[in-house]
Amino acid sequence: MMMLRTLLFVVTPLAVLPAAAHASAWLPDGDDVTAPAPTSDQFAATREVVAKMQQAVAAGNADAYLELVDRDEHEWWHEQKAWAKDIATKTPESITITTGDDWTLTTFHDTPAVEVSLTWAWTPKADERVAQPKEGDPVPASRERQLTFRARFLQREGGLRYAGEAWQLVEREGVIVAFDPGLEKAANAAAAAFAKIRGGVEVELGLANGPIVTRTQRIKLYGSMRHLQHSIYPSYVFPLSGWNEPNEAIKAVSKPDATERNFIALLAHEYGHVASFELGPKANYMPWWALEGIAEAMVDAHDPMLAKRSRKQVNTWQREGVLAAFADLADFEKVPLKLHGYVYRQGHDMIRFVTDTFGREKRNAWLAAMSNGDTIEAASEKELGQSWEIVQETWREAIKILPEEPATD
């Protein structure tokens, strides 16, 4: 059963916003979007910034790259800091960034701007978590990746700064959806879906009276998984449909004809991440399975069969003797690809077990303790009144019992 929202949304028709209709830093000034192409000097200046971006990425120089990035929009700047950290630790084996010929001169809230398509071609550093071919196996296809999108550069004091995609937008009370060309219908559906899942997530995590309820949530819709992966960081190669990290927008892959129903579970999960990061300054350092488990638990109100599917899966793993140790599912940077499914299903079932056994308030206190720096052992003793080992032992007994299947005619 869905929980009632405590912050009411004004229901208004959704549409693509005129460029000057909202005071967000994401919106260009509408009167100038048909301005002539940049001058030769502006063209050259943009090309120079792009060349410096390529040079910084190739060298793994995070500081040099960030010097070229615009800092005005909060989520974009935090996303780019994570992106830059990645190039420093997992520098691509090769990288080229080239400009298209579709130049436009515009303004972005009274700031001169240049828009042009960028084509990125890069070869990510090999990830040890991805199984490598054995001797005698067919040689894999090239790992090189390529992506093109329209980008924006803003004229700031000291020169042009890279401001990311030149997004199109839709808006509703409390949410702005930025989207790739061709995803207008999906963006409207996503905004409507978000209004339906938001309140339940905030109530479930005990945040209905917190500052999160008054914030405008940013959502970005990508027309391809490759585009979403690139936005996270260059080395990211794992399949995914959505993403969120602290201070970043919710990101999702979308088809042009996606409906409100298509977004409900995805946004409930991703907003579960947004909300869980409110539990404490170290929330993102909780075990990865706990972060994904609580996000999956936010979907339960919209998909009553999800918990049963998770329980059935962990029951199967237990019977087959392949259940993973939770310690092996804790570190996002180390969990091998073959265990990613365990992170979600096993994590979801454990969170459900803690909720059913100890209650929602104690579960939230347990998560909050870890979000404020406690180890899972200390948090379990303090908030659940049991050692983490006993909690796991009790859970292992519980998963032997499958939930009843719904009656059928």
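A contact means heavy atoms within 4.5 Å. By that rule, residues 24 or more positions apart account for 70% of the chain's contacts with a separation of 6 or more. This is a predicted model, where local features need pLDDT of at least 70, side-chain atom pairs count only at pLDDT 80 or more, and totals for chains, interfaces and linings use all residues. Residues are numbered from 1 along each chain as its sequence is written, and side-chain values use heavy atoms, with hydrogens and water left out.

**Confidence**
- pLDDT is the predictor's confidence in each residue, from 0 to 100.
- The chain averages 89, and 86% of its residues score at least 70.
- Residues 1–34 fall below 50, yet this stretch has 83 contacts in the model beyond near neighbours in sequence.
- Where pLDDT is low, the predicted coordinates should not be read in detail.

**Overall make-up**
- The chain holds 12 helices and 10 strands. These are DSSP runs numbered from the N terminus: helices are H or I with at least four residues, strands are E with at least two.
- Of the 409 residues, 50% count as buried. Buried means under 20% relative accessible area, exposed over 50%, and partly exposed in between (1.4 Å probe, protein chains only).

**Cores**
- A nonpolar core is a set of buried Ala, Val, Leu, Ile, Met, Phe, Trp, Tyr and Cys residues joined through side-chain atoms within 4.5 Å.
- The largest has 69 residues, and Leu-221, Leu-267, Trp-289 and Trp-366 have the most contacts inside it.
- Helix H4 (residues 184–204) gives the most to this core, with nine residues.
- Another core, of 41 residues, lies apart from it and includes Met-53, Ile-87, Trp-167 and Ala-178.
- Leaving aside neighbours within four places in sequence, Leu-221 touches residues including Trp-167, Ala-178, Ala-190 and Phe-263.

**The five-stranded sheet**
- An open sheet runs in the order S6-S7-S8-S10-S9, with mixed pairing. Two strands pair if DSSP finds at least two bridges between them.
- S6 (168–172) and S9 (242–243) are the edge strands; each has a single partner strand, so one side of each lacks a neighbour in the sheet.
- Two bridges join S9 to S10 (residues 250–253), and these strands run antiparallel.
- Trp-243 has Lys-251 in S10 as its bridge partner.

**Two loop residues with positive phi**
- His-109 sits in the loop between S2 (104–107) and S3 (112–123). Its phi is near 55 degrees, a positive value in a residue other than glycine.
- Asn-247 lies in the loop between S9 and S10. Its phi, near 70 degrees, is also positive.
- His-109 counts as partly exposed at 34% relative accessibility, and Asn-247 does at 41%.
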